[in-house]
Amino acid sequence: MKYDVFMGVRGQDGGYSWLNRPSYMPNDTLESCNKIIALCENETFGDLDWDDWGSNFFYLRTDRCCLLARAIKTKKDLVSFEGISVRADNENSLFYNVPSLINDLLPPAKSFYAVYEEEGAVNDIFEAHPLLNPFDGYKVPVDVHPAVMNNQAYRSLLKFTAFIDKPTGFMFGKNARALSEQLNIEKLGISYVFDFENPDSPEVNENVFNENYTAVNCEYTKPTPTGRDKVSICLFIQETNNNHHKYRWVVRPWDTSVKDSKRARYVTKYFEFDDKIELAKLELQKESISKFLINNGWAKQAVGLRFERDIYQREV
């Protein structure tokens, strides 16, 4: 999915101007988001560096479009209000892929305004690199930004985007909680705040997840006694017809080939891929298998790649 780029600036005289604006975006968007833009000049946040501003995101909704935006104070004391957008009727394609987009936009990735200063123009289209390509056989790319690897607020965001009943506005970032306290978030349509470094980052009500997600039930295969048994959780992809795919989880001995599932300890049923990359759903499924193993006497020994190679061990 490709997303339109927008970028507007507010100069030292307080005036607004668009450098990039999709035709469907209301012209008064900058004025409507003035409170967000003004945060860059708020004395409370005057010492924040570019990385801090570049790590705070706002998901905003209007009748005509939906935005993943951020406000950035530039070296010339201009404020760039920039991000990516889609038409309102394409919102699902943006909302459910927000984690991938944030992953690609986090510093040290350049802001759109920095590109504009260097090159005099910004491409009108932005395309994210997915965190997970489910059609890439058994290889899962490790391209999760180190700043959000195992970050609790980011994990909350993953769950939120996959299992909230319907898209809604939110904030995510290093200083999201403090910034939110300076805004009328209800007026902006922001319902959730995921603070980047705050261990108390809110999670969506677990009951919302339970209504949309059934815990994985594993079938059991008798292990071969070896004195000490080590297993890992792996994600297997299978192509069906018409270029469709399905997947299942396999808990296999650590010392076997990925393709050798004959000695699998546990396997799940097959799940179908749909038109969304349900990254959060995969996270939750793997998490449920991990809990299943721990409840059945396995102890977690090491953490591997995002969706495979976590190692569990028990005496047999």
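Keep in mind that the model is predicted. Let's start with the whole chain. Count the elements and you get 10 helices and 15 strands. The chain has 316 residues, and 51% of them are buried. Now the contacts. Take those with a separation of 6 or more: residues 24 or more positions apart account for 62% of them. And the surface? The chain exposes about 15,800 Å². Carbon and sulfur atoms supply 44% of that area.

Is Ser156 buried or exposed? Its relative accessibility is 1%. The cut-off for buried is under 20%, so Ser156 counts as buried. What does Ser156 touch, once residues up to four places away in sequence are not counted? Four names here: Phe194, Ser201, Pro202 and Glu203.

On to Ser290. Look at helix 10, which runs over residues 279–295. Ser290 lies in that helix. Its relative accessibility is 12%. Again, buried means under 20%, so Ser290 counts as buried too. Which residues is Ser290 in contact with, leaving aside neighbours within four places in sequence? They are Ile233 and Tyr312.

To recap the two sites. Ser290 sits in helix 10, is buried at 12%, and is in contact with Ile233 and Tyr312.

Technical notes:
Residues are numbered from 1 along each chain as its sequence is written. This is a predicted model: local features need pLDDT of at least 70, side-chain atom pairs count only at pLDDT 80 or more; totals for chains, interfaces and linings use all residues. Side-chain values use heavy atoms; hydrogens and water are left out. Helices (H or I, at least four residues) and strands (E, at least two) are DSSP runs, numbered from the N terminus. Buried means under 20% relative accessible area, exposed over 50%, partly exposed in between (1.4 Å probe, protein chains only). Contact means heavy atoms within 4.5 Å. Accessible areas come from the Shrake-Rupley method with a 1.4 Å probe; for residues, only the protein chains shown count as cover.
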